[in-house]
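Me: Could you walk me through this one while I have it open on the screen? I'll ask as we go.

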Amino acid sequence: MALKIIESCVNCWACLPLCPSEAIYEAKPHFLIDPKKCTECEGAHADPQCATICPIEGAILDALGEPINPPGSLTGIPPERMEQAMAELRAH
Ligand code: SF4
Ligand code: SF4
């Protein structure tokens with residue numbers, strides 16, 4: 001089982017030094033996780049360290065393809081309110 005970094009990653013480097021398995025590597029266009037190395041931090045930490053520090057909602061997926069930090073989970077702003085706010089901003 002392994003986590004996956006997807007294209008919304010902003011290459012901030014925060015996750016790379018925290019990985020106990022050295023599974024994260026710099027790549028183009030964004031950082032990646034080597035699925036052969038990722039242990040989901042089992043045995044080393046209670047939570048996946050990359051997802052714990054990642055500042056971008058939805059950038060890291062679990063083994064089922066679900067975002068570990070889904071939209072709204074870090075900002076506290078429900079996705080529907082965010083959409084409404086963005087629509088209002090665009091209207092002005
Ligand atoms: S879940 Fe843990 S082992 Fe897997 S890439 Fe993230 S920090 Fe590394
Ligand atoms: S912490 Fe998140 S945004 Fe930063 S490099 Fe890692 S996956 Fe990308």
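Me: Where does Pro29 lie?

Reply: In this predicted model, Pro29 lies in the loop between S2 and strand S3 (32-33), where helices (H or I, at least four residues) and strands (E, at least two) are DSSP runs numbered from the N terminus. A cis peptide bond, with omega about 0°, joins Lys28 and Pro29. Most peptide bonds are trans.

Me: And before we go on, what are the ground rules for the numbering and the confidence?

Reply: Residues are numbered from 1 along each chain as its sequence is written, and chains are lettered from A and ligands numbered from 1 in the order in which they are written. Local features need pLDDT of at least 70, side-chain atom pairs count only at pLDDT 80 or more, totals for chains, interfaces and linings use all residues, and side-chain values use heavy atoms, with hydrogens and water left out.

Me: Which residues come nearest to ligand 1?

Reply: Of the 13 residues around ligand 1, those that come nearest are Cys19, Ser21, Cys38, Cys41 and Cys50, a residue being near if one of its heavy atoms lies within 4 Å. The shell divides into nine nonpolar, three polar and one charged, where Ala, Val, Leu, Ile, Met, Phe, Trp, Tyr, Cys and Pro count as nonpolar, Asp, Glu, Lys and Arg as charged, and the others, Gly among them, as polar.

Me: Is Cys50 buried or exposed?

Reply: Cys50 counts as buried because its relative accessibility is 9%; buried means under 20% relative accessible area, exposed over 50%, and partly exposed in between (1.4 Å probe, protein chains only).

Me: What about ligand 2, which residues surround it?

Reply: Among them are Ile5, Cys9, Cys12, Trp13, Cys15, Cys54 and Ile60, and by class that shell has eleven nonpolar, one polar and no charged residues. Cys54 is buried, at 13%, whereas Trp13 is partly exposed, at 43%.

Me: How many disulfides are there?

Reply: The count comes to zero disulfides, taking a disulfide as a pair of cysteine sulfur atoms within 2.5 Å.

Me: Back to Trp13, what is its phi?

Reply: Trp13, in the loop between S1 and S2, has a positive phi of about 80° although it is not a glycine. Glu40, in the loop between S3 and H1, also has a positive phi, near 55°.

Me: Last one: what does Ile6 touch?

Reply: Not counting residues up to four places away in sequence, Ile6 touches His30, Gly58, Ala59 and Leu61, contact meaning heavy atoms within 4.5 Å. Ile6 and Ile60 are 54 residues apart in sequence and 6.2 Å apart in space, C-alpha to C-alpha.
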